[in-house]
Amino acid sequence: MSTVITLVVLLLLVLVIVWLHFFRQQQVDGFDQNVRDDTNVKLYHEHKAEIEADFAQGKIDQENYDYLTQELDQSLLQDVQENQQHEEVFEQKSLSIIWPVSISLFVLIFSFALYDKIGAFEQLSQPQQMSQQDQFAQEEAARQQETLSRVADLREQISQNPNNADTWYSLGQALVGVGDFNGAIAAFAKVEEIDGPHADIYGAMAQATYYRENQEITPAVQALIDKALALDPLDPSTNIMLGMDSFMNQEYAKAIQYWQPVIDSGRSNVNAQALQEAVNEAKNRLSLTGGEVNDAEQTPVVGPELTLEVSIGEAAMAELIQQEDRAVFIYAIASDGPKMPIAAVKVFASDLPATIVLNDSQAMMPQMKLSMFEKVHVFAVISQDGTPGVKPGDYQAVVRDIQVASGEPLDVIIDEKVTDSVE
């Protein structure tokens, strides 16, 4: 009910503003009319007195006196006529009472029509749009409900076939999704009981235990990690978890050491593109903190490398120095092949000049590596909006048909401003 009262008060306030403005305008115009009349008459008498005084003192003769008097009379007459015209306009404006009446009617009709369109005041009292936070909460609740339904379906399947290891494994993953970590651990243990010890099972149990322990590698978590890596040093779930823990603790070089070998393994059950983006982000943060990856601890890179001496040209530097720091994407594309990066690095303009090395470790996909091609085009792009690709307004350098196996350092100077979209 309070919402309806508020709407009525607002409606009355609008009407008061409209009519108050109308009455004030009437008063102001009437006052201005009187002031102009009084001023004109007063000025006439003052000028007339000055002319008569000059004539009496002999400063002007009869002819000039008659001329000035006549001019003064005409000036007064002209002022009177102008005031009369203004008064007629004022009277016409006074007749324009129609406009506040029209506005008032429009406001009333529109308000009632809107109320009728929306519905009763109970509907008005409810928000028409959910906040972004409420929408997110509803979406999360919907996902949780969907996962709970899946858990119920999987339990039903297990009741009919209790020795299906795949169903038990899927149940464990679903239980992790709803936060039932103990239930998930029990489900993975059942998989081990059916299929025997496997690295991915211990890795899944380690993840569930890690989340149960508030994302800390406790002795129980470490014991499961040791079991998984003893069976498979490149087990994806275990290494991804270890990399995530290192990343959260700002140990970016260590995170890369866990993630990069998983990418290079080329396993079909790994989302290599998403993991490569995580590696690139870790490298980016590592460069911002001034750290370096310990080459002695990295997996040796096998295959050709492109060594690039990347710098910014004077014209580009003169413009960019006035702006905030920009992302720089440096990548290679096969001269004859798909137009997607086969090796890519992201740095910032403030990092340049720098020596950049492109090799197979920076491949976006395991099946698309630098070593698979003889010639490549090299791009270095300073992005205005921070996203990959070449867009109008970016600065770029392009070096085409580079022999991958040459091994010679290549100068890449970013000095060309892009004016059209480039494929």
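Reader: Let's start with Q260: is it buried or exposed?
Author: The model is predicted: local features need pLDDT of at least 70, side-chain atom pairs count only at pLDDT 80 or more, and totals for chains, interfaces and linings use all residues. Numbering runs from 1 along each chain as its sequence is written, and side-chain values use heavy atoms, leaving out hydrogens and water. Buried means under 20% relative accessible area, exposed means over 50%, and partly exposed is in between (1.4 Å probe, protein chains only). The relative accessibility of Q260 is 9%, so Q260 counts as buried.

Reader: And which residues is Q260 in contact with, leaving aside its neighbours within four places in sequence?
Author: Q260 sits in helix α11, residues 252-265; helices (H or I, at least four residues) and strands (E, at least two) are DSSP runs, numbered from the N terminus. Contact means heavy atoms within 4.5 Å. With the neighbours within four places set aside, the partners of Q260 are Q276, V279, K283 and S361.

Reader: Zooming out, what percentage of the residues in the chain is buried?
Author: The chain carries 13 helices and eight strands. If you take contacts between residues at least 6 apart in sequence, 59% of them join residues at least 24 apart. Of the 423 residues in the chain, the buried share is 34%.

Reader: Are α6 and α7 roughly parallel or antiparallel?
Author: Two packed helices are described by the angle between their axes and the distance between the axes. Axes are lines fitted to C-alpha atoms, for helices over the stretch in contact, with angles from 0 to 180 degrees between N-to-C directions; under 35 degrees counts as roughly parallel, over 145 as roughly antiparallel, 65 to 115 as roughly perpendicular and the rest as oblique. The axes of α6 (residues 165-177) and α7 (residues 181-195) come within 8 Å and cross at roughly 165°. That makes the two helices roughly antiparallel.

Reader: How many nonpolar residues does the contact of α6 with α7 have?
Author: On the α6 side the contact is made by A165, W168, Y169, G172, Q173, L175 and V176, while α7 brings in residues including F181, A187, F188 and V191. Ala, Val, Leu, Ile, Met, Phe, Trp, Tyr, Cys and Pro count as nonpolar, Asp, Glu, Lys and Arg as charged, and the others, Gly among them, as polar. By class there are three polar residues and two charged ones, and the nonpolar count is eleven.

Reader: What's the ring pair Y169 and F188: stacked or tilted?
Author: Rings of Phe, Tyr and Trp (its six-membered ring) pair if their centres lie within 6.5 Å, with planes under 30 degrees apart counted as stacked, over 60 as edge-to-face and the rest as tilted. By this rule the count comes to six aromatic pairs. For Y169 and F188 the centres are 5.4 Å apart and the planes sit at 55°, so the pair is tilted.

Reader: At what angle do the axes of α8 and α10 cross?
Author: Helix α8 covers residues 199-212 and helix α10 covers residues 236-248. The two are roughly parallel to each other. Their axes come within 8 Å, and the crossing is at roughly 30°.

Reader: Which non-glycine residue has a positive phi of about 60°?
Author: Most residues other than glycine have a negative phi, and most peptide bonds are trans. Another positive case is D401, with phi near 55°, in strand β6 (residues 395-403). The one at about 60° is N214.

Reader: Where does N214 sit?
Author: N214 is exposed, with a relative accessible area of 65%. Its place is in the loop between α8 and α9 (219-231).

Reader: Which residues does a cis peptide bond join?
Author: Look in the loop between β3 (341-348) and β4 (354-358), where P353 lies. Omega is about 5° there, and the cis bond joins L352 and P353.
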